[in-house]
Amino acid sequence: MGPGPKFGPRSVAASAYRAVSAGQSVDLLFHIGHYFQLIRETFTRPERFSLYWERTMEEIDLLGVKSLGIVALLSVFMGAVITIQTKTNIDSPLIPLYVVGFTARQSTILEFSPTIISLILAGKVGSTIAAQIGSMRVREQIDALDIMGVNSAGYLILPKIIACVVINPFLVVISMFLSIFGGYMAGTLSGLVSGEIYLQGIQTDFNPYHVTYALIKTVVFAFIITTVSAYQGYYTQGGTREVGISSTRAVVYSDVVILIVNYLLTQLLLI
Amino acid sequence: MIEVRGLSKRFGRTQVLTDISADFQKGKVNQIIGKSGSGKSVLCKCIVGLFEPEEGEVLYDGRSFHHLEKEEKRQVRQEIGMLFQSSALFDSLTVLENVLFPLRMFATMPEREMLDRARLCLKRVDIEGKDALFPAQISGGMQKRVGIARAIAMNPKYLFVDEPNSGLDPQTSILIDDLIDEITEEYGMTTIVITHDMNSVMGSGDNILFIHEGRAWWKGTREELLKSDNKELNDFIFAGSLMRMVKDTMKQ
């Protein structure tokens, strides 16, 4: 076919695709800009520090302490599963048995506790934040704050960011201990690896920087979970159905951003 | 006094408000009436600064709100009280904490005085003994009254009331209207009430602005309202059978 205008269905589909893609790119840029604008508003000077402090303490309880149960449960069982799977996959006599403990520790510290627990918290905490702020938006409570002269973004979002950034590293450290403990229990109770060898494994070639790396990731992920979810909730428009949609988006987008940032941080901090 | 000058607002390609000008008098209950979707709530949100208009200005006692710096705007907002259609009480706070909220955020008085002020406001709207209850535990009429108490806690110069009678029975509606009238007079506030409830208009409106298709269609007093020959205004006012009966009685 020679050059010239194309009127076939394929060219229409292609131009429609280009239009949609261009629209989506503009949409994405709009949301990124809007997100950073919200962050800027969030970090303006609080009207009354004492009220923000009270709210931060409440959020630490709601978003942090009340997540401890699920974090503990997941950590123990994940540690146990990592240990069993590692042992069943290294049948070679050339690989020493303490590698089971070593692998359980490395998997837990480097990836499971900071990343997987953050993904789980994005589901629990992120949906709570988006639903809470979204409900306030559709029920005009955020408008009420704005009309009073309160910086609604700061009052609602800043305590949540501080709470998660402060408490999530503690949750992750607890998760590390419990996961390694879960591995110990699974290994010894099933007879796959003795307690002594497992303990030898978890002490082999320990690099404290890996814990620092995990905590840096946790803090960044906590910031992502709270801000992405708060953004979804803060700009909810409509009714209860839209609050549900915002809540779902909060979890999905937080997870996607966490995975991308996890890759970038790993390249930056470990290589 | 609040003055609105040549205010226009559009959302995307939809023009919602066109060149609206009006004066809202101090110490009076000024009502904005109109059909659902006529633009009255958008006008209210433009006046209080929740929406930025494309054209025009709003003057609060001579201060052009949309041209003020952020901090100055915040100060003007502290002079504004607003009762929302849904009351917009904070679910996680008790009745007393809701009224205390603006005081705790902005007032410089000791906690004891704040408590006294909040209790006084609640007493003024006839809410007593409900301090520890949460908004979900009280009726819609009570929520409106708590909303009024919260709105007047900071002793505002300007009071905005969005659809005060929605979802309320006629008796409670009258109580709320009377309360708004009394408080307006008592505090010498500039009150703006958005409503499409004709009982409320006939019962308490001092100055009335009729919005039709996003334009200031008619302005006048309650007495002038019934005598007006404006077709769109008459279609709106006399849509209900009760008001048609009033019209017939007037004719006779």
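Which residues in H8(A) meet which residues in H9(A)?

What you see is a predicted model, where local features need pLDDT of at least 70, side-chain atom pairs count only at pLDDT 80 or more, and totals for chains, interfaces and linings use all residues. Residues are numbered from 1 along each chain as its sequence is written, while chains are lettered from A and ligands numbered from 1 in the order in which they are written. Helices (H or I, at least four residues) and strands (E, at least two) are DSSP runs, numbered from the N terminus.

A word on confidence. For the complex, the predictor gives an ipTM of 0.87 and a pTM of 0.85. Chain B has a mean pLDDT of 88, with 98% of its residues at 70 or more; pLDDT is the predictor's confidence in each residue, from 0 to 100. Among the elements of chain B, the highest mean, 94, belongs to helix H3 (residues 95-106), and the lowest, 70, to helix H10 (residues 241-251). Where pLDDT is low, the predicted coordinates should not be read in detail.

Now back to the opening question. From H8(A) we have Tyr213(A), Ile216(A), Lys217(A), Val220(A), Phe221(A), Ile224(A), Ile225(A), Val228(A), Ser229(A), Gln232(A) and Gly233(A). They meet Ser246(A), Arg249(A), Ala250(A), Tyr253(A), Ser254(A), Val257(A), Ile258(A), Val261(A), Asn262(A), Leu265(A), Leu269(A) and Leu270(A) of H9(A). Contact here means that the C-beta atoms of two residues, placed from the backbone, lie within 7 Å. By class, this contact has 15 nonpolar, six polar and two charged residues. In that scheme Ala, Val, Leu, Ile, Met, Phe, Trp, Tyr, Cys and Pro count as nonpolar, Asp, Glu, Lys and Arg as charged, and the others, Gly among them, as polar.

How do the axes of H8(A) and H9(A) cross? Helix H8 (residues 208-234) and helix H9 (residues 240-270) of chain A have axes that come within 9 Å and cross at roughly 150 degrees. H8(A) is therefore roughly antiparallel to H9(A). The axes are lines fitted to C-alpha atoms, for helices over the stretch in contact, and angles run from 0 to 180 degrees between N-to-C directions. Angles under 35 degrees count as roughly parallel, over 145 as roughly antiparallel, 65 to 115 as roughly perpendicular and the rest as oblique.

Staying in chain A, helix H4 (residues 99-138) packs with helix H7 (residues 195-203) at an angle of about 50 degrees, their axes 6 Å apart. H4(A) and H7(A) are therefore oblique to each other. Their contact includes Val99(A) and Phe102(A) of H4(A) as well as Ile197(A) and Leu199(A) of H7(A). Its residues divide into eight nonpolar, three polar and one charged.

Next, where the chains meet. In chain A, 13 residues are in contact with 15 residues of chain B. Helix H5 (residues 141-148) of chain A gives the most to the chain A side, with six residues. That side has five nonpolar, two polar and six charged residues.

On to chain B and its strands. Two strands pair if DSSP finds at least two bridges between them. Four strands form an open, antiparallel sheet in the order E2-E1-E4-E5 of chain B, and its edge strands are E2 (14-24) and E5 (63-64). E1(B) and E2(B) pair over seven bridges, and Val4(B) has Ala22(B) as its bridge partner in E2(B). E1(B) and E2(B) form a hairpin with two residues between them, and Gly12(B) in the turn has a positive phi of about 60 degrees. Five bridges join E1(B) to E4(B), where Arg5(B) partners Glu57(B).

Another open sheet in chain B has six strands, ordered E6-E7-E8-E3-E9-E10, with mixed pairing. E6 (80-83) and E10 (215-221) of chain B each have a single partner strand, so one side of each lacks a neighbour in the sheet. Inside it, E3(B) and E8(B) pair in the parallel sense over five bridges, with Ile32(B) opposite Ile194(B).

One last pair: helices H5 (residues 140-152) and H6 (residues 170-187) of chain B have axes that come within 10 Å and cross at roughly 10 degrees. H5(B) is therefore roughly parallel to H6(B).
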